[in-house]
Amino acid sequence: TQSTRPQRILGAVQQNATRGDPRSVVRAIDQYCRSQEWAMNVGDEKGCILDSVVSEVNPSTVLELGTYCGYSTVRIASLLPPHAKLITLEFNPKFAVIARQVIAWAGLEDKIQLVEGSSGDLIPKLKEQFGVKAFDLVFLDHWKDRYLPDTKLIEECGLLRKGGVLLADNVICPGAPEYLEFVRSSPRYESQYFKSHLEYTKVEDGLEKSVFLG
Ligand SMILES: CCc1ncnc2c1ncn2[C@@H]1O[C@H](/C=C/CNC(=O)c2cc(-c3ccc(F)cc3)cc(O)c2O)[C@@H](O)[C@H]1O
Ligand SMILES: [Mg+2]
């Protein structure tokens, strides 16, 4: 039977990456998606910007919206300090199954909690169910029309600490215009655009980093 793209991405990891070596998992996915078939991972070019923001924030708790195959999940978690935790939300069970295996191959199960469900349902439960006080960093990379409603929900639930950072992928391509307008015009955020390219292409895209001022 025909395999799916996420299954082929997992295969590339299992064939080319070293168990327990997160950076080799990241490299294997990038090499596969650049040479065999494109996939919507944040990718190597924007991934370097992601790395620099993660290193700068040095977060204890991270929230990722939209796991897909776990590429950015592994990339972020590989940079976290020893007791830091990353919670990633994914509502497609087929993607979650693949992402769990990619995370396991990287040996990052102890740092990452993948929760299946839609962000709108799960965000209000994160405090009580997962003992989260507030996030230092939120990486938005799920449906682009969910960036703004979920940001408002995260604020309402008091899940973003003062100085906490929102980092959004794809603010140019496919684009998240309402989100961009909101974070750039709101006095409660200090936003900065990092120009880059759509993963594995020469098309313009970028990340928007927004610091929550409280
Ligand atoms: C309901 C809330 C909610 N709750 C929980 N999980 C959710 C969710 N909404 C979505 N998910 C999961 O997140 C992932 C979706 C990610 C969506 N990402 C893009 O669409 C995208 C597209 C391009 C591009 C495509 C084609 C082009 F031509 C150009 C660019 C490039 C990119 O980097 C992109 O991120 C999947 O795993 C969903 O199951
Ligand atoms: Mg993306």
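Of the 44 residues in the largest nonpolar core of this predicted model, I9, V25, I29, V74, I76, L80 and L137 touch the most other members. A nonpolar core here is a set of buried Ala, Val, Leu, Ile, Met, Phe, Trp, Tyr and Cys residues joined through side-chain atoms within 4.5 Å, and buried means under 20% relative accessible area with a 1.4 Å probe, protein chains only. Several elements give two or more residues to this core, including α1 (5-16) and α2 (22-35), but α5 provides the largest share, 7 residues.

Take I29: leaving out residues up to four places away in sequence, I29 touches I9, V13, N41, Y71, V102 and Y200, with contact meaning heavy atoms within 4.5 Å.

Helices (H or I, at least four residues) and strands (E, at least two) are DSSP runs, numbered from the N terminus, and two strands pair if DSSP finds at least two bridges between them.

β6 pairs with β7 (residues 204-212) in the antiparallel sense, over 9 bridges; one bridge joins Y193 to E208 in β7.

Local features need pLDDT of at least 70 and side-chain atom pairs count only at pLDDT 80 or more, while totals for chains, interfaces and linings use all residues; side-chain values use heavy atoms, leaving out hydrogens and water. Residues are numbered from 1 along each chain as its sequence is written, with chains lettered from A and ligands numbered from 1 in the order in which they are written.

Technical notes: Buried < 20%, exposed > 50% of the residue type's maximum accessible area, 1.4 Å probe, protein only.
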